[in-house]
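Open the model in your viewer and keep the sequence panel beside it.

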Amino acid sequence: MPRIPLPELASHSPEVRKAIGERPANVSLLMAAASEPVYRGLGQLGSALIQGSALPPKLRELAILRVGYISGSAYEVFQHEALARHIGISEAQIDAIRAGDGASPALGQTERDVMAFVEDIVVNVRASDATLAAVRQHLGASQLVDLIVVTGYYMTVCRLLETSGIEIEEEPIDWSAFGQGK
């Protein structure tokens, strides 16, 4: 049972009901409990990160998963492991991300450096000069800023999910509907 009840769809404006859809994921319902301007802003940022970021999708999902694992967010991990698999991240790579195993042969140097950078931000807030220098060898400025924003956004989402006690659906989100091809 959620600690914060999910809102009834009828309580929202027609615009929000349309955006959420007929069979929304629990995370969409939970976010719709925010004030309408906050809901719209969260949704626009989330969509931009998933559909329009300069960050390559596999690095984005690596970052999201690492945030989810560090945060202990079962819902986030459930949904984004499904997306990671959908875009071609292997089980060995998911295992390495889950474990924070920067020495795993399943990960290339770029993935190792991104994972270390994300972990540094989550744990220490300000990434060290060393992790920043390492990740800058692989990412341009736009990609780097997107990585920082992805990390912060999903830290927020994980805290929202865990504090609310959101229930996990039986099936993950259909990520193909979001244009997430391989």
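The tour goes from the whole chain to the core, then to one helix, a loop residue, the surface and the salt bridges.

**Ground rules.** This is a predicted model, in which local features need pLDDT of at least 70 and side-chain atom pairs count only at pLDDT 80 or more, while totals for chains, interfaces and linings use all residues. Residues are numbered from 1 along each chain as its sequence is written, and side-chain values use heavy atoms, with hydrogens and water left out.

**Whole chain.** Show the protein chain as a cartoon: there are nine helices and zero strands. Helices (H or I, at least four residues) and strands (E, at least two) are DSSP runs, numbered from the N terminus. Of the 182 residues, 43% count as buried. Buried means under 20% relative accessible area, exposed over 50%, and partly exposed in between (1.4 Å probe, protein chains only). Contact means heavy atoms within 4.5 Å; among contacts between residues at least 6 apart in sequence, 66% join residues at least 24 apart.

**Core.** Select V27, V114, L147 and Y154. Within the largest nonpolar core, which has 48 residues, these have the most contacts. Such a core is a set of buried Ala, Val, Leu, Ile, Met, Phe, Trp, Tyr and Cys residues joined through side-chain atoms within 4.5 Å. Helix α9 (141–164) is among the elements that give two or more residues to this core, and α9 gives the most, with nine. Now centre on L147. Not counting residues up to four places away in sequence, L147 touches L55, A63, V114, F117, V118, V135 and L139.

**Helix α7.** Select 109–124, the range of α7. Which residues of α7 are buried? They are D113, V114, M115, F117, V118, D120, I121 and V122. These buried residues pack against α4, α6, α8 (129–136) and α9. At 1.5 Å a residue (times one less than the number of residues), the 16 residues of α7 should span 22 Å, and its end C-alpha atoms are 22 Å apart, which agrees.

Select V125, in the loop between α7 and α8. V125 counts as exposed, because its relative accessibility is 69%. Its phi is near 70 degrees, a positive value in a residue other than glycine. Most residues other than glycine have a negative phi.

**Helix α5.** Select V77, found in α5. V77 counts as buried, at 13% relative accessibility. Leaving aside neighbours within four places in sequence, V77 is in contact with L65, G68 and Y69.

**Salt bridges.** A salt bridge is a side-chain nitrogen of Lys or Arg within 4 Å of a carboxyl oxygen of Asp or Glu; the whole structure has seven. Start with R98 and E81, whose closest N and O atoms are 2.9 Å apart. This pair links helix α6, which holds R98, to helix α5, which holds E81, 17 residues apart. R98 is partly exposed at 37%, whereas E81 is buried at 12%. Salt bridges that share partners join E81, R85, E91, D95 and R98 into one network. Finish with R60 and E61: their salt bridge has its closest N and O atoms 2.9 Å apart, and both residues are buried.
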